[in-house]
Amino acid sequence: MMCIARHRRPQVVAKPFAKPLAHADRLLPGANFGDTHALVVTGLALDAVGVSQRVFGRQPSWIKWLLALRNGIVTPFGLKTGPERGSGPHIGFLPIVRQSTNCVLFGFDDWHLDFRVLLEVKERTSAQHEISVSTAVKTHNLVGSSYLVLVKPFHRIIVPAMLMQVVSGH
């Protein structure tokens, strides 16, 4: 169920911005990487599940292409390529760990690394909301560390683009 109601045409108040995730180990104990990307919007009544559906429920075609390429490369190595069938609720390619009105925690564990993605919606004023996506990663071995080094540059481009889908309506 999408729980986003439009009061007027949604607008971005502040372009997506990145900031360090101060305590990544709170999101994922032992995490050795963490960051947060945030976006401030006005004109939408938001809840975390509805925002998650907009952010992760679909991808622009260039992101779909990158994910398909990634999946083709990592499948022979036995890395997970998304939620396993019958594994429980998920939005897009991300399994839901837990959810509330203001946040949804996604993630899964694999043999090379574990990750968590926390989407939060915080009310700044009655008309403004900050939407943040925090990522925490815990690598287990050289494969996980190497994978993280390879995907970080893409992560820094993809997350802000996915966040912008909150207001794009696509």
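Predicted model: local features only at pLDDT ≥ 70, side-chain atom pairs only at ≥ 80, totals over all residues.
Trainee: What is the mean pLDDT of the protein?

Mentor: pLDDT is the predictor's confidence in each residue, from 0 to 100. Here the mean is 86, and 91% of the residues reach 70 or more. Residues are numbered from 1 along each chain, and side-chain values use heavy atoms, without hydrogens and water.

Trainee: How do helix 3 and helix 4 cross?

Mentor: Two packed helices are described by the angle between their axes and the distance between the axes. The axes of helix 3 (residues 61-74) and helix 4 (residues 142-163) come within 11 Å and cross at roughly 160°. The two helices are therefore roughly antiparallel (angles over 145 degrees).

Trainee: Which residues of helix 3 and helix 4 make the contact?

Mentor: Contact means heavy atoms within 4.5 Å. Helix 3 contributes Trp 62, Ile 63, Leu 66, Arg 70 and Val 74; helix 4 contributes Tyr 147, Phe 154, Ile 157, Ile 158, Ala 161 and Met 162.

Trainee: How are the rings of Phe 56 and Phe 106 placed?

Mentor: A pair of aromatic rings is described by the distance of the centres and the angle of the planes. The centres of Phe 56 and Phe 106 are 5.3 Å apart and the planes are at 70°, so the pair is edge-to-face (centres within 6.5 Å, planes over 60 degrees apart). Phe 56 lies in helix 2 (residues 48-56) and Phe 106 in strand 5, so the pair ties together parts 50 residues apart in sequence.

Key: Axes fitted to C-alpha atoms, helices over the stretch in contact; angles between N-to-C directions. Helix = DSSP H or I, 4+ residues; strand = E, 2+ residues; numbered from the N terminus. Parallel < 35°, antiparallel > 145°, perpendicular 65-115°, else oblique. Phe/Tyr/Trp six-rings, centres within 6.5 Å; stacked < 30°, edge-to-face > 60°.
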